[in-house]
Amino acid sequence: MIKKIIEDKELSDYLQTLEEDKMHIFTMADGRIRGALFHGTRFVNQLRAQHNLGILEAYILGHASLCAALTIPLCKDLEHTSIRFEGTGSADGYSVEADSTGYVRGYLFNEHIPLNKPLDNWDLKPFLGPGNITFSRVHQDDKYPQSSTVDVDGENIANDFASYFAKSEQINTAFNSSIQFDNKGRIIGAGAMFLQIMPKTGGNGKLGSQIDSHAQDTDDEEVLIQKVENAFKACPSLGLLYSEKEVDSEDIILGLFREFSPTILLKRDIVFDCKCNKDFYISYLKRLPKSQYDDIKKNGPDPLEIVCRNCGSVYKIPVSEI
């Protein structure tokens with residue numbers, strides 16, 4: 001990827017004052033719940049710069065990419081996840097990819113979404129609309145991706161991700177993503193969080209007890225889920241929290257979930273990046289039919305200009321290098 005510079009110096013200087021972009025991965029409730037919190041203010045600003053996006057477009061792709069990043073802790077060994085949303089709204093949809101090595105890339109199907117009136121809320125239904133979301137996972141040992149598609153309402157991207165896990169994988173999972181803009185349309189805070197309740201097997205009744213241990217487990221599970229859900233919903237806007245610089249990621253986790261004794265397992269870097277490069281595209285062009293190459297050589301253009309749809313990088317390749 002050709003990394004684009006954030007040219008707004010005031011924004012660039014501001015970003016240097018923030019807590020570093022990191023993902024904190026944690027467990028709680030004696031390992032019954034796993035989660036991750038991602039501070040991604042620089043991350044979202046980078047994807048916006050790469051694709052040169054407006055406010056609405058940055059908001060949509062930013063939320064999709066933040067949520068995609070949260071799937072990285074769910075990857076098994078070396079795994080790559082592609083998430084594709086196809087909707088009926090004016091944005092058409094998006095495609096985002098997350099890799100277990102720690103990078104995310106993606107694009108909007110329509111990077112210039114028409115607006116009939118100024119935005120007065122962040123309801124995305126007019127722009128995404130009812131549609132379907134497809135998760136495709138490729139493990140390093142797989143010949144083909146494993147894919148699953150579910151219908152979603154397209155009103156809130158984090159809720160769409162949660163719906164996928166509930167419908168397709170039947171795992172209680174919650175997603176929350178947030179992007180904060182200032183009065184000049186700059187992104188000054190961005191973050192996302194997910195929680196997932198791990199399946200529990202077996203009973204806990206004592207030998208000879210008349211209590212149905214599985215029924216007891218079910219009751220305990222419902223209580224735990226309700227308490228965790230209440231704590232999760234109590235989280236203020238993550239974008240606002242990160243923009244105000246009053247708390248760091250560890251404070252947020254410990255403050256929200258103190259009742260469940262959270263343990264932070266690790267911190268890791270997550271970046272908006274792409275593995276595209278000039279040599280890859282030269283190799284592709286060399287496989288063109290001879291007639292097509294001869295036409296380019298005779299009629300141009302020279303150099304060829306190729307734009308990577310996943311990251312917006314522009315490669316100018318002289319015909320002489322093909």
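**Notebook: cores, sheet and helix packing**

I began with Tyr 94, which touches Ile 60, Ala 64, Ile 83, Arg 84, Phe 85, Tyr 107, Leu 108, Phe 109, Leu 128, Ile 133, Ile 157 and Phe 161, leaving aside residues up to four places away in sequence; contact means heavy atoms within 4.5 Å. I note that this is a predicted model, in which local features need pLDDT of at least 70 and side-chain atom pairs count only at pLDDT 80 or more, while totals for chains, interfaces and linings use all residues. Residues are numbered from 1 along each chain as its sequence is written, and side-chain values use heavy atoms, with hydrogens and water left out.

**Cores.** I looked up the largest nonpolar core, which has 67 residues; Phe 43, Ile 60, Tyr 94, Ile 133, Ile 157, Phe 161 and Phe 175 touch the most other members. Such a core is a set of buried Ala, Val, Leu, Ile, Met, Phe, Trp, Tyr and Cys residues joined through side-chain atoms within 4.5 Å. Buried means under 20% relative accessible area, exposed over 50%, and partly exposed in between (1.4 Å probe, protein chains only). Helix α3 (residues 55-70) gives the most to this core, 11 residues. Helices (H or I, at least four residues) and strands (E, at least two) are DSSP runs, numbered from the N terminus. Apart from this core I found another, of 21 residues, including Val 228, Leu 238, Tyr 242 and Phe 257.

**Sheet.** I traced an open sheet of 6 strands with mixed pairing, in the order β7-β6-β3-β4-β5-β11; two strands pair if DSSP finds at least two bridges between them. β7 (146-152) and β11 (271-272) are at the edges with a single partner strand each, so one side of each is left without a neighbour in the sheet. Strands β3 (residues 79-87) and β4 (residues 93-99) run antiparallel and are joined by 7 bridges. Thr 81 has Ala 98 in β4 as its bridge partner.

**Helices α2 and α3.** I recorded that the axes of helix α2 (residues 41-51) and α3 come within 10 Å and cross at roughly 130°. Axes are lines fitted to C-alpha atoms, for helices over the stretch in contact, and angles run from 0 to 180 degrees between N-to-C directions. In the contact, Phe 43, Val 44, Leu 47, Arg 48 and His 51 of α2 meet Ile 55, Ala 58, Leu 61, Gly 62, Ser 65 and Leu 66 of α3.

**Thr 263.** I located Thr 263 in strand β10 (residues 263-268). Thr 263 is partly exposed, at 43% relative accessible area.
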